[in-house]
Amino acid sequence: MPVTVLERARVGAAASGASAAGVRVMGRDSTERALALESLRRWPDLDRELEGETGYRRGGGLRVAIDERAWYAAPEWVAEQRADGVPVELVDESAARALVPGIAPACVGGVYCAIDGQAAAVPTVHAFANAARRLGARIEEGIGARALEVEQGRVVAVVRTDGGRTPCDVAIVAAGAWSGLLLGPLGIDLPLRVRALQMLLSDPAPMALAPVVGCFDRGLSLKQLGDGAYLIGGGWPARIADEAANRYVIEETSVRGSLDVARAVYPPLEDATLAQSWAGLEAFTPDELPLLGPVSGIDGLFVAAGFSGHGFALAPAVGDVLARLALGRDARRDLWSGLHADRKSRAKPRA
Ligand SMILES: Cc1cc2nc3c(=O)[nH]c(=O)nc-3n(C[C@H](O)[C@H](O)[C@H](O)COP(=O)(O)OP(=O)(O)OC[C@H]3O[C@@H](n4cnc5c(N)ncnc54)[C@H](O)[C@@H]3O)c2cc1C
């Protein structure tokens, strides 16, 4: 089946290129655990499979508790995930300190997941794109999909922003924060809300941190990259300046808030200087779980959107599911049974 990818800007121009590229299963909602576990099964072999370099490293993930309330709740959190086969384990304060020397004195323990890890966002996106090209996909950058043509309940073509029209048997809408714009005119209202998520990068520092570090009840995802730079995220917002044009403004309050949390949890960051900040626009669903699979009522049309800040790690399994759907093969529905695009996505309950 010939495949054309229309990318209105360039590959990796939005969330995927901006991503923190954490590759984790720990802490995921039970509905997407199977998909995450399947993805994590594939990540260690991805460089070979793609004949590229994703920068993937399985250094584990540690979510620390820095107060008694979080520590008290941790065993139940662990048990619930272990029941689904997620290999998380409770670690006491000294074990947490052994995993992350330099962790805050306030740390009372944590939860460790040995199969969590990290990749490098932009190299990963290019590794996927290059592999697709090698296998015959035509990736057209700088050309967007303007509209989908549907005849008698079946998708028949994509109208392009260069004035062309690409006939098709199957169309997959995976346009990130802008996916709803393509489906809206067909009467399909995806429950998506766009947020800009901020990332901070420090200057390189001596290597000290193997796992990705998070913290209960605090907005933190902290990792050290191959060159020693610290990458700090955790859901801190940037301001969207122009949603259609993928433009944002980094806000000083968010930078400060993110740095304060990161330094409180991992004091060695006091010595690190901030080198760069950026953000990525990401579509969130009310339940913060992706919308995946066929679009009801239109044959040949599929969607993968609304990854809600944690879709990067899922890419290997999501790509596989979409390819199977497109080819009419066994789509491994057991992996994504609760993620159907036409489900009622209800607001995520807050802890
Ligand atoms: C700052 C940040 C940190 C994150 N950290 C993590 C993390 O640590 N771990 C994790 O698992 N996930 C993380 N995520 C989430 C993850 O990056 C996203 O869920 C994932 O990258 C979404 O991929 P996507 O392909 O759906 O969307 P995108 O990567 O946004 O790609 C959509 C593409 O569609 C293009 N496009 C839009 N409209 C059109 C059109 N009409 N025609 C053609 N092309 C179009 C855009 O230019 C864009 O390149 C993070 C996200 C952000 C923003």
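Contact means that heavy atoms lie within 4.5 Å. The model is predicted, so local features need pLDDT of at least 70 and side-chain atom pairs count only at pLDDT 80 or more, while totals for chains, interfaces and linings use all residues. Residues are numbered from 1 along each chain as its sequence is written, and side-chain values use heavy atoms, with hydrogens and water left out.

**Exercise 1. State what share of the contacts with a separation of 6 or more joins residues 24 or more positions apart.**

Solution. Take the contacts in the protein with a separation of 6 or more. Residues 24 or more positions apart account for 71% of them.

**Exercise 2. Compare the radius of gyration of the protein with that of a compact globule.**

Solution. The radius is taken over C-alpha atoms, and the globule rule is 2.2 Å times the number of residues to the power 0.38. For 351 residues the rule gives a value near 20 Å. The protein has 20 Å, which agrees. Along its principal axes, the C-alpha trace spans about 65 × 40 × 40 Å.

**Exercise 3. Decide whether R42 is buried or exposed, then find its partners.**

Solution. Buried means under 20% relative accessible area, exposed over 50%, and partly exposed in between (1.4 Å probe, protein chains only). R42 has a relative accessible area of 17%, so R42 is buried. Of the 351 residues of the protein, 46% count as buried. Next, leave aside the neighbours of R42 within four places in sequence: R42 is then in contact with E49, P316 and D320.
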